[in-house]
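Please examine the sequence and the three-dimensional model shown here before reading on. The text then leads through the structure step by step.

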Amino acid sequence: MHHKDTENTKDAQRKSSYAAVASPTQLLIEFDPVSYPNLKRTPWPNRTTGTENTHVSHTEPATTDQLYIHNLVKREPRAGLAEDVRRGLSTKPKRFLPKYFYDQLGSQLFEAICLLPEYYLTRAENEILERYADEIVSSLEGETTLLEMGSGSASKTRLLIEALLRRQKELLFIPVDISATALDSSSRILLQSYPQLTIEAYAGDYFAGLAELRKKQRSRTLALFLGSNISNFDPDEALKFLHALREVLQQGDALLLGADLKKDKSVLEAAYNDALGVTAAFNLNVLARINRELGGNFDLRAFQHRAFYNEAAGRVEIYIESTRDQKVTIGELDMEVEFAAGEQIHTENSYKYALSDIARLAEETGFARGRTWLDKKEQFSSNLLLAV
Ligand code: AVI
């Protein structure tokens, strides 16, 4: 594993005090302190860019493990957030992009959502993977690389990693995730569990990750897009994403696509309006993030979470609603924003799929729909799409 171009090499030099290389076992983690000011790092005994042997402490993965994290976040990571928040609060209706949910706290709140009794998606997908992981991986022949878009905590991935390691000795795992902290901690945990693993991770958004992945050749690849992450794309974005993903795959590779199914409104609305209020906290954390990172003064108590199923559009719509007339200032944007009582900021859509929608999506993006596995209650689908 190595830097791909001069730009990255320069980047690595700039970040020299944050990079560590343990040779010959090649343990390399590279983080930019500007991008990840809150990233908690275990102090390493020898933090240099050299290739000298480095003893790795017991809190690090075993020395036989390999980990490389590519940082794809731009030099000034807040610029994207600032620009998008300015644009989103200047349009009518106001809106934010769902990718901004996932700062460190947001990622942890999402992990908590996955444990909620009302949020059936994670349990249903787990049930499918626990039961069928061997069958799923047997759809591909030969030494396989595992690629995962939006890996998060990678807890479900374990089931597929284990199934692959039952039939091959070693495994290259390539996770791509917007949250560097989630990537860092999940990679370390995986390496502690599976010494046969090499991890080459990409911290950045999906399209930045896919653009990098296109530059490299891989062995037979099983790509994962789990957790119904596809739900948060509008239909045209879903097409664009699957097209881009298809381009990094070769004929004979496959994508396992987890997609939540259309179902009764009451089940869907409960999943996005949990009794504990974790989804509300996840949603309102975007305002807290703007306060923390852009010097905003949103009073979180003057906003509330709203989520409902729009049956005609086949999606759960999620909003933040102002409970009164109010003005908010955002220091770093030099901006004052007015809210009327009841005015909403649209923060997310979560599209629900029929199996026929998935077949259509596959056909339009260069895949053939292979097998589909469902949980016992038939709430969730795991779809194997074959690159043709
Ligand atoms: C990540 N994504 C699939 C979740 C969903 O169900 O759409 C995000 C989420 N938003 C609120 N709860 C969960």
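This is a predicted model: local features need pLDDT of at least 70, side-chain atom pairs count only at pLDDT 80 or more; totals for chains, interfaces and linings use all residues.

Residues are numbered from 1 along each chain as its sequence is written, and side-chain values use heavy atoms, with hydrogens and water left out.

The ligand has 13 residues around it, of which Tyr119, Asn232, Tyr272, Glu348 and Ser350 come nearest; a residue is near a molecule or strand if one of its heavy atoms lies within 4 Å of it. The shell comprises six nonpolar residues, six polar residues and one charged residue. In this division Ala, Val, Leu, Ile, Met, Phe, Trp, Tyr, Cys and Pro count as nonpolar, Asp, Glu, Lys and Arg as charged, and the others, Gly among them, as polar.

A polar side-chain atom of Tyr119 is placed 2.5 Å from an oxygen atom of the ligand. In the side chain of Asn232, an N or O atom lies 2.8 Å from a nitrogen atom of the ligand. For Tyr272, an N or O atom of the side chain is 2.5 Å from an oxygen atom of the ligand. The protein buries 99% of the 340 Å² that the ligand exposes when taken alone; accessible areas come from the Shrake-Rupley method with a 1.4 Å probe, and for residues only the protein chains shown count as cover. Two or more residues of the shell around the ligand come from each of helix H3 (104–113), helix H10 (278–294) and strand S14 (344–351). Helices (H or I, at least four residues) and strands (E, at least two) are DSSP runs, numbered from the N terminus.

Strand S14 also belongs to an open sheet of four strands, ordered S4-S14-S11-S10 with mixed pairing. Two strands pair if DSSP finds at least two bridges between them. At the edges are strand S4 (94–95) and strand S10 (303–310), each pairing on one side only. Eight bridges join S10 to strand S11 (residues 315–322) in the antiparallel sense, and His305 stands opposite Ile320 in S11.

Two backbone features remain. The peptide bond from Lys92 to Pro93 is cis, with omega near -5°, and Pro93 belongs to the loop between helix H2 (77–90) and S4. Ala154, a residue other than glycine, has a positive phi near 60°; Ala154 lies in the loop between strand S5 (145–149) and helix H5 (157–165).

Terms used
A polar contact is a pair of N or O atoms within 3.5 Å; within protein, one must be able to donate a hydrogen and the other to accept it, and residues adjacent in sequence count only if both atoms are side-chain atoms.
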